[in-house]
Structure formats: structure tokens, C-alpha cells
Amino acid sequence: MRLSVLRFARLNPSVKELRLHLCQTGEESKGVRDFVNTRYVQLKRDNPSLPILVRECSGVQPRLWARYELGKEKSVTLTNATAEDISKHIEALGKAQ
């Protein structure tokens with residue numbers, strides 16, 4: 001059986017901050033909670049100087065925000081997304097400017 005280690009590429013230096021918004025109990029945020037529990041540590045290890053904020057609020061729609069240079073921001077809705085989907089969104093936003 002082949003094991004693969006999850007690794008995030010270093011995100012583009014123009015990314016200044018990542019924010020994850022999620023509900024602590026909502027079913028639509030389950031994938032975000034799974035991502036935080038299983039993949040956050042590796043993301044932070046691969047991008048040690050990047051601020052990554054996890055914001056929990058009851059009833060909020062799950063969303064990923066990326067802030068770039070000069071205050072430009074992009075966001076992606078994460079409603080019913082899996083942890084794998086969220087990893088792909090982070091890598092896509094990490095390549096964008």
C-alpha cells in the first residue's frame with residue numbers, strides 16, 4: 001500500500017493572509033471543520049510566516065478569504081465543500097494575484 005503525505009506548495013508571496021469562516025455546528029461547515037482538524041498544521045508548516053485565521057460564528061456561511069498585496073481580497077464559498085475541495089481552493093487562491 002502506498003502512502004502519500006499531504007503537502008501544500010508554498011503559496012505565492014503576494015498572499016498576505018488567509019481567513020476561514022465557519023459555523024461550529026452547521027452541517028454545511030463540516031468539511032471546513034475536517035480541514036482544520038486534519039490539514040491546518042501541514043498548511044501552516046509549509047507557510048510559516050503566513051497568517052491563517054480561523055473564525056467560528058454560529059450560523060455563518062463557510063467561506064475562504066485570501067488577502068493580497070495592496071489590500072485586494074478574493075473569496076470562495078465553502079458550503080458543503082470537502083477538506084480536499086478546500087485544499088484545492090487554497091492552492092488556486094495561493095497562485096492568484
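1. Let's start with helix α3. In this predicted model, α3 has 13 residues and spans 19 Å from its first C-alpha to its last. That is close to the 18 Å expected at 1.5 Å a residue.

2. Which residues of α3 are buried? They are Ala83, Ile86, Ser87, Ile90, Leu93 and Gly94. These residues cover an arc of only 135° around the axis, so they lie on the same side of α3. As background, an α-helix has 3.6 residues a turn, so residues three or four places apart point the same way. On the other side of α3 you will find Lys88 and Lys95, both exposed.

3. What covers the buried residues of α3? The cover includes strands β1, β3 and β4, together with helices α1 and α2 (40-46).

4. Now to the sheet itself. Four strands make up an open sheet with mixed pairing, in the order β2-β1-β3-β4. The edges are taken by β2 (52-56) and β4 (73-77); each has a single partner strand, so one side of each has no neighbour in the sheet. On average, neighbouring strands are turned by 15° against each other, direction ignored.

5. Strand β1 (residues 15-22) runs parallel to β2, and five bridges join the two. Within this pairing, Arg19 has Leu53 of β2 as its bridge partner. Helix α1 (residues 30-38) packs on the sheet, where α1 touches β1 and β2, and its direction makes about 125° with that of β1. Helix α3 (residues 83-95) also packs on the sheet, touching β1, β3 (63-68) and β4; the direction of α3 makes about 20° with that of β3.

6. Ser29 deserves a look when you have the structure open. Ser29 sits in the loop between β1 and α1. Is Ser29 buried or exposed? With 0% relative accessibility, Ser29 counts as buried. Setting aside neighbours within four places in sequence, Ser29 is in contact with Leu22, Cys23, Val60 and Pro62.

7. On to charged pairs: searching the whole structure turns up six salt bridges. One of them pairs Glu69 with Lys16, with the closest N and O atoms 4.0 Å apart. Glu69 lies in the loop between β3 and β4 while Lys16 belongs to strand β1, so this pair ties together parts that are 53 residues apart in sequence. Both partners are partly exposed: Glu69 has a relative accessible area of 44%, and Lys16 has 33%.

8. A second pair also involves β1. The side chains of Arg19 and Glu73 meet in a salt bridge, at 3.3 Å from N to O. Here too, distant parts of the chain are linked, with Arg19 in strand β1 and Glu73 in strand β4, 54 residues apart. Arg19 counts as buried at 15% relative accessibility, because the cut-off for buried is under 20%.

9. Asp34 is partly exposed at 31% relative accessible area, and Lys30 is partly exposed at 39%. Elsewhere, salt bridges with shared partners join Glu17, Arg19, Arg67 and Glu73 into one network.

Notes:
Residues numbered from 1 in each chain as written. Predicted model: local features only at pLDDT ≥ 70, side-chain atom pairs only at ≥ 80, totals over all residues. Heavy atoms only, no water. Pairing = 2+ DSSP bridges. Axes fitted to C-alpha atoms, helices over the stretch in contact; angles between N-to-C directions. Contact = heavy atoms within 4.5 Å. Expected span 1.5 Å × (residues − 1). Buried < 20%, exposed > 50% of the residue type's maximum accessible area, 1.4 Å probe, protein only. Arc of directions from axis to C-beta.
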